[in-house]
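Hello,

Please find the structure below, followed by notes on what turned up in it.

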Amino acid sequence: TYKALVRTTEAKETALLRNAESIQKAADDIKAFADDTAADAEALGAKSVDGDSVAECQDLAKLIQGVSTSASTYAAKASDTAKAARAAGDQARTTHAGFQEAFERSDVQDLEHVSRDWFEQE
């Protein structure tokens with residue numbers, strides 16, 4: 001029914017938006033780790049730690065930054081999906097709300113048994 005359709009699309013929209021926000025937060029946290037690791041690499045270099053250790057730390061920082069970038073990209077895609085879900089929900093409301101209103105105004109008892117002609121007339 002229309003009400004079930006609206007509930008389902010709103011639930012999906014909310015879940016997708018919440019997931020996109022969680023993913024973006026994780027990406028931001030990962031970026032902070034990458035920045036900290038890069039700062040640690042600089043500090044190691046300033047303390048005359050051997051070059052291999054500094055290079056390993058710098059490589060680790062680059063890898064973590066790559067994970068952060070990928071997570072941010074994934075979050076953006078999840079956000080786009082949430083927007084598409086919102087558009088689907090808006091479309092469902094626009095397309096089907098009139099049917100629900102007509103059904104509620106009518107004396108019809110069982111929506112599943114209503115003929116297509118009744119909907120066309122309404």
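**What was found**

The protein has three helices and zero strands; from the N terminus on, the order of elements is α-α-α. Please keep in mind that this is a predicted model.

Overall shape: the C-alpha trace spans about 85 × 15 × 15 Å along its principal axes. The radius of gyration is 26 Å, whereas a compact globule of 122 residues would have one near 14 Å. Of the 122 residues, 22% count as buried. The accessible surface comes to about 8500 Å², and carbon and sulfur atoms hold 54% of that.

Helix H1 covers residues 2-46. Its 45 residues should span 66 Å at 1.5 Å a residue, and because its end C-alpha atoms are 66 Å apart, the two values agree. Buried positions in H1 include Tyr 2, Val 6, Thr 9 and Glu 13. Just after H1, Ser 48 takes a positive phi of about 60°.

Glu 13 counts as buried because its relative accessibility is 12%, under the 20% cut-off. Beyond its neighbours within four places in sequence, Glu 13 is in contact with Ala 82, Ala 85 and Arg 86.

Helix H2 runs over residues 51-105 and contains Ala 76. Ala 76 is partly exposed, at a relative accessible area of 40%. Among contacts with a separation of 6 or more, 67% join residues 24 or more positions apart.

On charge, there are 14 positive and 23 negative side chains, with the centres of the two sets 2 Å apart.

Regards

Methods. Residues numbered from 1 in each chain as written. Predicted model: local features only at pLDDT ≥ 70, side-chain atom pairs only at ≥ 80, totals over all residues. Heavy atoms only, no water. Helix = DSSP H or I, 4+ residues; strand = E, 2+ residues; numbered from the N terminus. Buried < 20%, exposed > 50% of the residue type's maximum accessible area, 1.4 Å probe, protein only. Contact = heavy atoms within 4.5 Å. Expected span 1.5 Å × (residues − 1). Rg over C-alpha atoms; globule rule 2.2 N^0.38 Å. Areas by Shrake-Rupley, 256 points an atom, 1.4 Å probe, with all protein chains shown as cover. Lys, Arg positive; Asp, Glu negative; His and termini not counted. Charge placed at Lys NZ, Arg CZ, Asp CG, Glu CD.
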